[in-house]
Amino acid sequence: MSTVAIVGAGLIGQGWAIVFARAGWQVRLYDVDAGRLQAGRDLVVQQLHALQAHGLLDDAAAISARVHTTATLEAALSGASYVQENSPEDVALKRDLFSKLDALSGPDAVLASSTSSIPASRFTEHLAHRERCLVAHPVNPPYLVPVVEISGAPWTSPQVVARARDILASVGQRPVEVRKEVEGFILNRLQGALLQEAMRLVQDGVASVEDIDTTVKDGLGLRWSFMGPLETIDLNAPGGIADYCARYGPMYASIGATQSACPPWAGELLETLSRERRALLDEKDLAARRFWRDEQLMRLMRHKQEGGETNG
């Protein structure tokens, strides 16, 4: 039976533990904070039972039994064929941690980082076995949103990239490959473009925070839940994507010319965002709303599974 080491027991680490345990792997969960480690495992168990309640898995108790906490990093890494690191977004911290992972893990273990923006070359260049290191950036929570971005450094072995892709696909994820290093990878660059324009529309008084969210969740988001933006436009013109670009390219070029420097996410803009969001959702209700979000994602996942979703 395969073993994975999950280093860091926060929200992302918990999510990875669910992904691998659900797929039959033995999970060794480690965190430098012993209190967070036990709390993390408890939340893993809680979410596994929630998934079972929604019909998304069977026997949450048996799956939970595959998740073990370890008191030391050495114990977590012993015998692990895949390692997923989930430390804060700090280059110096990751460089130090990957030095330990490289020294203590087995020679054939894949070493992956969950970083959401830092290229692997910035924290693996100094390692003796840097060819087995890469980024495997998930979407939160990874057990409900399966895309994971694989991004190697210039020295990462193509065989390691292929192995990581096979492992992640085998545990139910949808791996995509970032072919060249870029800050933010694919997902956060796409999300960032939408967020920057949303901020600009709020700052310029074009629309309210609520109406911008409604436009996405009840407009663009409905299509994007089962097809991407490029497939969307391929279907939105009689002759496909080439026809769409010929028809609407000038319009988007004109819009793009107005999208200059992005406003800083601070000052009056931040005050407006906070005021309008807190009017819609009190701060004390944020945690409950996150659980509600996950419930909706579970329902959506069940719907997509029952619909026999394919890549088209």
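# Helix packing and local backbone features

Aspartate 59 sits in the loop between α2 and α3 (60-64). The model described here is predicted. In that model, aspartate 59 has a positive phi of about 60 degrees, although it is not a glycine. Proline 141 belongs to the loop between β6 (133-138) and β7 (147-152). Both features stand out because most residues other than glycine have a negative phi, and most peptide bonds are trans.

| Helix pair | Angle between axes | Axis distance |
|---|---|---|
| α8 (residues 187-203) and α9 (residues 209-224) | roughly 150 degrees | within 10 Å |
| α2 (residues 34-53) and α13 (residues 286-306) | about 40 degrees | 10 Å |
| α8 and α12 (residues 267-280) | about 95 degrees | 10 Å |

How are α8 and α9 oriented to each other? Their axes cross at roughly 150 degrees, and angles over 145 degrees count as roughly antiparallel; α8 and α9 are therefore roughly antiparallel to each other. The crossing in which α8 passes α9 is right-handed. On the α8 side the contact is made by Leu194, Ala198, Leu201 and Val202, and on the α9 side by Val209, Ile212, Val216 and Trp224. These residues of the contact of α8 with α9 divide into 8 nonpolar, no polar and no charged.

Helix α8 also packs against α12, at an angle of about 95 degrees. Angles of 65 to 115 degrees count as roughly perpendicular, and α8 and α12 are therefore roughly perpendicular to each other. Here Met199, Val202 and Gln203 of α8 meet Leu269, Thr272 and Leu273 of α12. By class, the contact of α8 with α12 has 4 nonpolar, 2 polar and no charged residues. Val202 of α8 takes part in the contact with α9 and is also listed in the contact with α12.

The remaining pair in the table is α2 and α13, which pack at an angle of about 40 degrees. These two helices are therefore oblique to each other. The crossing of α2 and α13 is right-handed. Gln46, Gln47, Ala50 and Leu51 of α2 make the contact with Phe291, Asp294 and Met298 of α13. Sorted by class, the contact of α2 with α13 has 4 nonpolar, 2 polar and 1 charged residues.

Arginine 41 is another residue of helix α2. The C-alpha atoms of arginine 41 and leucine 29 are separated by 7.9 Å, and the two residues are 12 residues apart along the chain. Which residues does arginine 41 touch, not counting those up to four places away in sequence? They are Leu29, Ser64, Ala65, Val67 and Thr69.

Helix α11 (residues 241-258) has 18 residues. From its first C-alpha to its last, α11 reaches 24 Å, close to the 26 Å expected at 1.5 Å a residue. Where does the kink in α11 lie? A kink of about 55 degrees is found at tyrosine 248, shortly before proline 250.

Technical notes
Residues numbered from 1 in each chain as written. Predicted model: local features only at pLDDT ≥ 70, side-chain atom pairs only at ≥ 80, totals over all residues. Heavy atoms only, no water. Helix = DSSP H or I, 4+ residues; strand = E, 2+ residues; numbered from the N terminus. Expected span 1.5 Å × (residues − 1). Bend = angle between axes of the 7 residues up to and from the residue. Axes fitted to C-alpha atoms, helices over the stretch in contact; angles between N-to-C directions. Parallel < 35°, antiparallel > 145°, perpendicular 65-115°, else oblique. Left-handed = near helix turned anticlockwise from the far one by under 90°. Contact = heavy atoms within 4.5 Å. Nonpolar A, V, L, I, M, F, W, Y, C, P; charged D, E, K, R; others polar.
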